[in-house]
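The chain itself comes first.

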Amino acid sequence: MCSRDCCSGQTGKPGNSCADKKKGKGLSDEEKIVPTPQSLLYPYEVIQEIADFIVKGSGMRPRIGIICGSGLGSLADIIQDAKVFEYEKIPNFPVSTVEGHAGKLVVGNLEGACVMAMQGRFHFYEGYPLAKCSMPVRVMKLCGVEYLFATNAAGGINPKYMVGDIMLMHDHVNMLGFAGNSPLQGPNDPRFGPRFPALVNSYNKDLINKALEIGKAMGIESNMHVGVYSCLGGPTYETIAELKALRLMGVDAVGMSTVHEVITARHCDMKVFAFSLITNKCSIEYDDKRDQEANHEEVMAVAKNRQKACCELVSRLIREIHAMPPSGTQAAKTGV
Ligand SMILES: O=P(O)(O)O[C@@H]1C[C@H](O)[C@@H](CO)O1
């Protein structure tokens, strides 16, 4: 009789001996599953098929991609001549499960530019691997998108940040990456980008500066900041000890998204502009007497209140980008 645990001491029963197991017999479905590396979940050809579906279905080739954060779906409502795709109807697309994320892809014109906007993103806490969460960014790339605009709702850790403020992201701390999780984990497909992408200067400085100028022109400069975002896995909001640790690391705002999208976008050489709408202030003191518990209803209510300012910022920035020559042209290469 075999003494190994896998045999459970049972002899003579087909499928239960070590030899049977080596042949693949008698393994439970769970035992047979070999985890697929994240990068192989959506091969290039599958992404290409989704992109073709969108480009053919809309008759448009977008230059700018927008990801709407929680409660910020109205960013897509201002798109004109819109062709709307429900996520369920897009082949191989995941579905949105979070309130405030409608689950629609909108392609059309904004300030003269052809854009595609995701009304609803995918989060790690929904049970999706990071590569699945950020897969639409690769779809955008193969649709022809050069610029990614990623927006999110976030908690303000920087004590100077007030509810309703906008933080332009100029860097991030990748907490999920610290834990060894990356949307790029697994074999690299060089058609998307290099094995070891650099992430310094991921957030386009020209776009940050232009956004600051726009904020000034809109009269909201005192409600605008440039700061560092960090994404945790969620769905729990952070403990005070976690918030203290993040603050020590130089984080200004915390959320549950965006970082893996930015990594995916930079890997395939897209220009990135991202901002956080501060929907709640995070208390980092145990004896804070104010009622500071974050909740998703408040997050969405603040986003609704600030949607007009967010839409204006995005539209005006897109107007400026549209006035610039497409990258790849001689003028764009020389920066003229
Ligand atoms: O999709 P975003 O990052 O804007 O959504 C934030 C993070 C959680 O999904 C949710 C928590 O309220 O809002």
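Helices (H or I, at least four residues) and strands (E, at least two) are DSSP runs, numbered from the N terminus. The model is predicted: local features need pLDDT of at least 70, side-chain atom pairs count only at pLDDT 80 or more, and totals for chains, interfaces and linings use all residues. Residue numbers start from 1 along each chain as its sequence is written.

**Backbone geometry**

Most residues other than glycine have a negative phi, and most peptide bonds are trans. Burial is counted from C-beta atoms placed from the backbone: a residue is buried if 20 or more others lie within 10 Å of its own, exposed if 12 or fewer, and partly exposed in between.

The peptide bond from G234 to P235 is cis, with omega near -5°. P235 sits in the loop between strand 7 (224-231) and helix 9 (240-248).

**Helix 6**

Of the nine residues in helix 6 (residues 135-143), eight are buried: M135, P136, V137, R138, V139, M140, K141 and C143. Elements covering these buried residues include helix 3 (44-58), strand 1 (64-67), strand 4 (113-119) and helix 10 (259-267). After helix 6 comes G144, with a positive phi near 115°.

**Helices 8 and 11**

The axes of helix 8 (residues 205-218) and helix 11 are 10 Å apart, at an angle of about 125°; axes are lines fitted to C-alpha atoms over the stretch in contact, and angles run from 0 to 180 degrees between N-to-C directions. Helix 8 is therefore oblique to helix 11, since angles under 35 degrees count as roughly parallel, over 145 as roughly antiparallel, 65 to 115 as roughly perpendicular and the rest as oblique. From helix 8, L207, K210, A211, I214, G215 and M218 meet A309, E312, L313, R316, L317 and E320 of helix 11, contact being C-beta atoms within 7 Å.

**Ligand shell**

Around the ligand are 13 residues, of which G69, S70, N152, M256 and S257 come nearest; a residue is near if its C-beta atom, placed from the backbone, lies within 6 Å. Strand 5 (147-156) and helix 11 (296-323) each supply at least two residues of this shell.

Conventions: Two residues are in contact if their C-beta atoms, placed from the backbone, lie within 7 Å.
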